[in-house]
Structures are given as structure tokens and as C-alpha cells.
Amino acid sequence: MNYGGYFEGIVGHEFQKQALWRAVCEGRVSHAYMFSGMEGIGKRLVATGFAKCLNCLELQRRKGEEMHEKCGCFSCKKIEKGVHPDVFLVEYEGVRDIKVNQVREEIEERIFLRPFEGRYKVAVIDEAERMNVSAQNAFLKTLEEPPVDSVIVLVTSRPEFLLPTIHSRCQRIEFKPLPFNLIREELVKRGLSNEEAHIASMLSGGSLGRAIRIDRGLLTERKSVIEAICALRTIRDISVISRVVEHILGKGHLNDTDRVSFFLQLIAFWLRDIMFVKIGLKEDQISNKDLLPVIKKAAGRFSLSGILEILSFLEEAWYVIFRGNANKQIVLENLLVKIIDTAGD
Ligand SMILES: [Zn+2]
């Protein structure tokens, strides 16, 4: 199926893209949509593609007939550049709460104007869950009596923070996490090695945005950190432990929470890999495929119940570092001691 290039470059979500395109072609467009799903998977990009379909001059002329090339009409080009007068994105970066006056000034006043040149006025509201309750209540009136020729798209990764009355007035389009292989392919296209792309796709949990944000330098350090942890032996040599912790924290990065968070997550995935090897899962399921020999060796030293114990210890470590602001060095040292104590020789 070809969508005329409206969603060009957006990875995955074929069903959603097709459903939106069809709705436009068949004249079944709703006044309000809620695009929900985890952050970084392309909801906002799909919303822009949808805005293109809604206002595309070619699509109207061809009455929904399939187009095999990317559309180059004025409307599509303007939307792509973000300069179409009838399509606007409302985003509130760094703002905790979207308040009533912002909803009035930045959304309602604009959406109630008649389209200047397009067929529809399209408002895409990013992180809609940031609207506080009074803002949501104010916004509800617009949803109840939407202006003609308007389409509102609420984009949210936390739909549970939006009132049920808002939900019931929107057509909900759910976006699932992306399959790992799609993320992997995209990362390889962007220059990552197969191994790095593989582990980054696993760590991303299905969010391409998250995968892209993972620091390349950290991915490079991954191997040496795992190898150092695997090399820890049962003797509690504190100088060896401290060296590994310093390696994890990195020189001059003591307050880098992204770094600590990355390595804690990596340790969790390493434990998961050991568990997978122990229960005989396929190699495809292993995140650190390139470290398989080291992981296989480690699998002989840990019991399944021991791994689960370390995982719950790790969860606690995460909590005290990120919620309780505990000393990272001490918490990580304790975690490594726990790993040593749990392992056999
Ligand atoms: Zn077009």
C-alpha cells in the first residue's frame, strides 16, 4: 500500500498510517484524535503526515487514488517546512503544567479561525497530558463543539492523565513500541555497527527516539564494562571493585545520571542475557550477542534464583540513586559486592 509519501521516513506504524490515510480518502475524518503510545516512537511525525493528507491538493484532486511518489504539492511542502498557515503544532517544552489561559490563547483562538488556504485547520497538541485539570475542562468545550473544518490531534505518552471525558470525545489511535529489528535497521542506516545497533534497539524498549539518544561513547564502553564485571571473582578485593565502579562512573562524569542509568540498565540486560542462556533461549534474544562466550561462562556461575536476587537489588539501587539521591559510588560498590557474593566460581 502506498500513502503517497505523506509518512515518508517514519519507521513502522503501517496500520495506523493506512487507517488515517483511508479516513481522509473516504471522507470519514473525525474532529479529534488522541495519538497515544510511549515517547519517541513517531506519534508526532505521523500527526504531521496526517495533516499533509488532510490538506493535500493532489489527494483531493485524485479522490483517493493511490499515488506512488512523494507528493510535491504546495500544501505538502509547506506542512513539511512547518509554514502552512492552517497547520500548527502546540508544544510546551520545559513547561510543567499547561494552564487554562494557554489553552485559550494558543489553541482555541487559533483553531476557531477559518482555514486560510487549506481544507482543514489542523492543531497538533504535543504532550497533551500536561494540561492541568482546569485546562482540560476548558478544552473540553472545544471538543464538544468543534469548529467546522478543524481537526485536533492530541499527542500523549500518558493518556491516563487525560480526563475520561476527553478520551470519550477523541478517536483513539494507539501506537505500539516499534519492533527491535526496525529500530536496529534504522540505527545501522545512521552509522552504528550491527552489535551497537542490536544492543541499543534492546535498551530502547521499542522507542526509536530513545535509541537515537543513547550516547555512542557509552555503547563503545559497554563491552569493557561487562567484561570487567564478568571478571570479578569471589574475593571481595575492594580495590578491584572500586576500579570497576570508577570505570562505570567515568572520570569527570560523577554527576552524569544518564551514564549511571545506562550502565545500570546494561547490567540488568546482562543478567537477563545470562538467564536466557541458562534456560536455552535462541541467540537472537540475547542483547549482548557479541559477548556470548563471556555470558555463557557467567551462566555457569549464577543460579536463576541468584540472578533474580541481584535484579531486585539492582532495582533498589536504581531507586536510592535516582529518588533518594544516594552516593552513586557506594551504591554501585554494594551492587558489585552483591554480584560477587551471588556468583559461584
Ligand atoms: Zn500534497
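Start by colouring the protein chain by domain: the assignment gives domain 1 (14-174), domain 2 (177-214) and domain 3 (215-342). These bounds come from an automatic or database domain assignment. The model is predicted, so local features need pLDDT of at least 70 and side-chain atom pairs count only at pLDDT 80 or more, while totals for chains, interfaces and linings use all residues. Residues are numbered from 1 along each chain as its sequence is written, and side-chain values use heavy atoms, with hydrogens and water left out.

**Stop 1: domain 2 against domain 3**

Select domain 2 and domain 3. Their centres, taken over C-alpha atoms, are 21 Å apart. The contact (heavy atoms within 4.5 Å) takes 12 residues from domain 2 and 17 residues from domain 3.

The size of an interface is often given as the accessible area lost when the parts come together. Here domain 2 and domain 3 bury about 1,200 Å² between them, and 65% of it is on carbon and sulfur atoms. Buried area is the accessible area (1.4 Å probe) that two parts lose on being put together, summed over both.

Next, select helix H9 (residues 194-203), which gives the most to the side of domain 2 that touches domain 3, with 7 residues. Helices (H or I, at least four residues) and strands (E, at least two) are DSSP runs, numbered from the N terminus.

**Stop 2: Leu20**

Move to helix H1 (residues 14-25) and pick Leu20. Leu20 is buried, with a relative accessible area of 1%. Buried means under 20% relative accessible area, exposed over 50%, and partly exposed in between (1.4 Å probe, protein chains only).

Which residues does Leu20 touch, not counting those up to four places away in sequence? They are Tyr33, Phe35, Val46, Phe50 and Ile173. Leu20 and Ile173 are 153 residues apart along the chain, and their C-alpha atoms are separated by 9.2 Å.

**Stop 3: His84**

Finally, select His84 in the loop between helix H4 (74-81) and strand S2 (87-90). Its relative accessible area is 4%, so His84 is buried. Leaving aside neighbours within four places in sequence, His84 is in contact with Asn55, Ser75, Lys78, Ile79, Glu117 and Gly118.
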